[in-house]
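Please walk through this protein model step by step.

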Amino acid sequence: MKMKFQFHILLGLAAAGLFTGCSKNPVTGKKEIIFMSKEKEIALGAESHPSIVATMGIYDDKNLQSFINEKGKAMANISHRPDLPYQFFIVDSPVVNAFAVPGGYVYFTRGIMAHFNNEAEFAGVLGHEIGHITARHSARQQTSQIFGQVGLLAGMVLSETVRGLAEQTQQALGLLLLSYSREHETESDKIGVEYSSKIGYDAKEMADFFGTLKKISEKAGQTIPTFQSTHPDPGDRRNKVDKLATQYQAEHPGKYNVNRDAYLRKIEGIIYGTDPKQGFVENNQFYHPELRFQFPVPSGWQYENSPAQFQMASKDGKSMMLFAMAEGKSLEEAAQAVVKNYSLQVSENNKTTINGNPAIAMISQQVAQAQSGQAAASSIQVATWLIQYGGNVYVIHGVAAPANFAGNLGTFRNVAQGFKSVTDQNILNRQPERIRIKTVQRDGSLKDALKDNNQPDNKMDELAIINGMGLSDKVTKGMLIKTLGR
């Protein structure tokens, strides 16, 4: 959570474009009905970008950014739509993901950049994402209303809550969480093989990266977006992509590069996992070292941290909480903004203090408008605390349906009343883990090499995944491997 709050960014998803009639798909060559013109695709990408940045943040690494720009432009030039204004970004998220929005905007998380083990793996995924753009998958999905509502946390059932309390952020995540059809995924895999091969890379490495993704998804326990969830696996894509690459190389003999060592040197020092300065959870407490505050996270609750907000929900999806920076310079201004922005009907409004900080506590109801086809509107109840601290005003919302609200109010109150300053130097000075590239000193197994570099036993399985290998796989003296360090 970096507090780059931009809640009032309009994505313009509703204005997806006027009917443009039959057009020829640049990849398939087939005529199809598309409701989104090229101009609207470009406009949608430009309008979406600020919300994506607000939701995830940009990762500042000029050398790595220069690399993805170079490869992205080279691939754009040989693509089916070289005329689009392509832009490439590394977003500051530990999640292993890559995604594209219409108009030429392509995003890689630092998490996925840390998991690539050579330039060819990156190029394959780059080709896959550009393929979604050139084949107009989003535009084709839009004709079937794929830009629907998407929950902020997987498994949550309080769609009214999500719509009411985080509309703009939800819309941004809605773009990130587009699930393409099997046909579109297969098509983009094929395009990824073609594009990455055309700029000189071995697309068989793209197939191997699907093996890494499979291991990550098997190990993952967090309910946050991953490449596998935004790109659902329709079957054994690893084998299919390997066959496509083999076939392409047989039909187009030539030198296809992997560039392992060059890529590993490029990601030396990249932040891996949570960046503590953006906030982190430890021992059921959320800490924000830069803003010097903490508050409890209910035991067993799922959570997600982003630059815009920290949100958490009970596993049954019947209650959620949201923490963010409030609008307004004073508690009173912030309270008025909350009531207005979320159309709340306030039943209780009390001034109080929380651990010495001036605060306002409110109980409200929000009546959501009836959706098309529904008989009546539904309502939710909201407990809100506004807290003045460190020159800012923060807001904590606890939300549940009326039937569940009373049973959760105590939990909501405990979280809000647990908000306080952080003084522990161990928390305030916490440094992120980073990828550290080391040279193998002797022939042996990956596990031997990791132990030689003082990597902890409880990280071995994770390190094997990061290296795209098995712990028993052989390594040779002089080979480069990834380790973790501060």
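This is a predicted model: local features need pLDDT of at least 70, side-chain atom pairs count only at pLDDT 80 or more; totals for chains, interfaces and linings use all residues.

Residues are numbered from 1 along each chain as its sequence is written, and side-chain values use heavy atoms, with hydrogens and water left out.

The protein chain holds 17 helices and 21 strands. Helices here are DSSP runs of H or I with at least four residues, strands are runs of E with at least two, and both are numbered from the N terminus. Of the 486 residues, 54% are buried. Buried means under 20% relative accessible area, exposed means over 50%, and partly exposed lies in between, with a 1.4 Å probe and protein chains only. The chain exposes about 20,900 Å², and carbon and sulfur atoms supply 47% of that area. Accessible areas come from the Shrake-Rupley method with a 1.4 Å probe; for residues, only the protein chains shown count as cover. Now take the contacts between residues at least 6 apart in sequence: 69% of them join residues at least 24 apart. A contact means heavy atoms within 4.5 Å.

Next come the helix pairs. Two packed helices are described by the angle between their axes and the distance between the axes. Axes are lines fitted to C-alpha atoms, for helices over the stretch in contact, and angles run from 0 to 180 degrees between N-to-C directions. Angles under 35 degrees count as roughly parallel, over 145 as roughly antiparallel, 65 to 115 as roughly perpendicular, and the rest as oblique.

Begin with α4 (residues 119-134) and α8 (residues 182-198). They pack at an angle of about 125°, with axes 7 Å apart. The two are therefore oblique to each other. The crossing of α4 past α8 is right-handed. A crossing is right-handed if the near helix is turned clockwise from the far one by less than a right angle, and left-handed if anticlockwise. On the α4 side, the contact uses A123, G124, G127, H128, I130, G131, H132 and T134; on the α8 side, it uses H184, E185, S188, D189, I191, G192, Y195 and S196. By class, this contact has four nonpolar, 10 polar and two charged residues. Ala, Val, Leu, Ile, Met, Phe, Trp, Tyr, Cys and Pro count as nonpolar, Asp, Glu, Lys and Arg as charged, and the others, Gly among them, as polar.

Helix α8 also packs on α11. Their axes come within 10 Å and cross at roughly 40°. That angle makes α8 oblique to α11. Here too, α8 passes α11 in a right-handed crossing. From α8, the contact draws on E185, D189, K190, V193, E194, S197 and K198; from α11, it draws on R237, V241, L244, A245 and Y248. The classes are five nonpolar, one polar and six charged residues.

How do α9 and α11 pack, and at what angle? Helix α9 (residues 204-219) and helix α11 (residues 237-251) meet at about 175°, with axes 8 Å apart. So α9 is roughly antiparallel to α11. K204, M206, A207, D208, F210 and G211 of α9 touch R237, R238, V241, D242, A245, T246 and Q249 of α11. This contact has five nonpolar, three polar and five charged residues.

Between α8 and α9 runs a loop that holds I199. Leaving aside neighbours within four places in sequence, I199 contacts K71, A74, M75 and I78. I199 and Y256 are 57 residues apart in sequence, yet 8.8 Å apart C-alpha to C-alpha.

L44 lies in α1 (residues 38-56). L44 is buried, at 5% relative accessible area. Its C-alpha is 7.0 Å from that of G103, 59 residues away along the chain. A335 sits in α13 (residues 331-341). A335 is buried too, at 8%. Beyond neighbours within four places in sequence, A335 contacts I360, M362 and L386. A335 and V393 are 58 residues apart in sequence and 9.9 Å apart C-alpha to C-alpha.

Finally, consider two backbone angles. N259 is not a glycine, yet has a positive phi of about 55°. N259 lies in the loop between α11 and α12 (260-266). At 32% relative accessibility, N259 is partly exposed. N284 is likewise not a glycine and has a positive phi of about 60°. N284 is in the loop between β7 (280-282) and β8 (285-288). At 40% relative accessibility, N284 is partly exposed.
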